[in-house]
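The entries below follow the order of my checks.

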Amino acid sequence: MVKQEIMDLFDLTGKTAIITGGAKGIGYGITLRLAQAGASCVICGRNGARVEEVAQGFRDMGFEVTGIGCDVSDETAVEKLVKRTVEIYGGIDILVNNAGNYPQKKLQETSQEDWDNVFASNVRGMFLCTKAAARVMEGQGRGGSIINCSSIGAFRCNVVGMCAYHSSKAAMLGFTNHEAAELGPKGIRVNAIAVGAINAVGPDKNGIFTPENIASPAVQYPVPPAMIPIQRMGGPADIGNACLYLASGAGSFVNGIYLTVDGGMTKVPTFGYPELKQES
């Protein structure tokens, strides 16, 4: 009985989730975990045909997943996405703002257009999707969970040459803080995940993920402890697990946090680990 009660905390049966960018990389891992927990999932991306192809793959595995083409930076497209989701599943309980743009360009190489494109996808997209989904959640009167996929780059220079990306991810944390306070009284929890070093490319020759390989050693390959203390890369499954927690009843009192999922990367000592034998 006790074991069943614990399992029930993570049961998303009867819930509907929208996962932006849910057809590939980290988004695939998030979609799989939420679908495995029983949620009906809607995944979206700019390439509608590709998104539907991935959704069909999920359906072939027995999961309830629908693919919808959507540019999250376009307000009209986002409104259509939310409206269609409600038409199909009757409501929205979970939103994961995962879609993102991350060009590796240093300051002097970054044009105004580059900057605006990153913020359009990462920040405006989050804003538009949250605004539209929260409106539905408020009308339903049963609350909801909104999860913003930020990055440890929001509060540290993770990789030199990603000024627009890191700035946009910091903006996502600011938005999370505000909306947790604004939407919390309506039963809508808003949290963020500070994503660390994740291998977002599947191990097969086409770089595709499957339920069997999102947590495989080929994805979570070893790295020196000077980079990540637990000595492995993260995989899409690691972020999917965090989203499942934040979306589930197990996280019902969690609101306004950023959950760092990085294997301890941000805690690496400034001067490394001199007590460990260094590889030559």
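I counted a salt bridge where a side-chain nitrogen of Lys or Arg lies within 4 Å of a carboxyl oxygen of Asp or Glu. The model is predicted.

Entry, the helix α4 pair. I found that R84 and E87 form a salt bridge, with their closest N and O atoms 3.2 Å apart. Both residues belong to helix α4, where a spacing of 3 residues separates them by about one helical turn.

Entry, whole structure. My search returned 9 salt bridges. I recorded two further pairs in detail.

Entry, R46 and D71. Their side chains meet in a salt bridge at 3.6 Å, N to O. R46 lies in the loop between β2 (40-45) and α3 (48-60), and D71 in the loop between β3 (65-69) and α4 (75-89), so this pair ties together parts 25 residues apart in sequence. R46 is exposed, with a relative accessible area of 61%, whereas D71 is partly exposed at 27%.

Entry, R135 and E79. I noted a salt bridge between R135 and E79, whose closest N and O atoms are 3.4 Å apart. Because R135 lies in helix α5 (residues 112-140) and E79 in helix α4, the pair ties together parts that are 56 residues apart in sequence. R135 is partly exposed, at 45% relative accessible area. E79 also counts as partly exposed, at 30%.

Conventions: Residues are numbered from 1 along each chain as its sequence is written. This is a predicted model: local features need pLDDT of at least 70, side-chain atom pairs count only at pLDDT 80 or more; totals for chains, interfaces and linings use all residues. Side-chain values use heavy atoms; hydrogens and water are left out. Helices (H or I, at least four residues) and strands (E, at least two) are DSSP runs, numbered from the N terminus. Buried means under 20% relative accessible area, exposed over 50%, partly exposed in between (1.4 Å probe, protein chains only).
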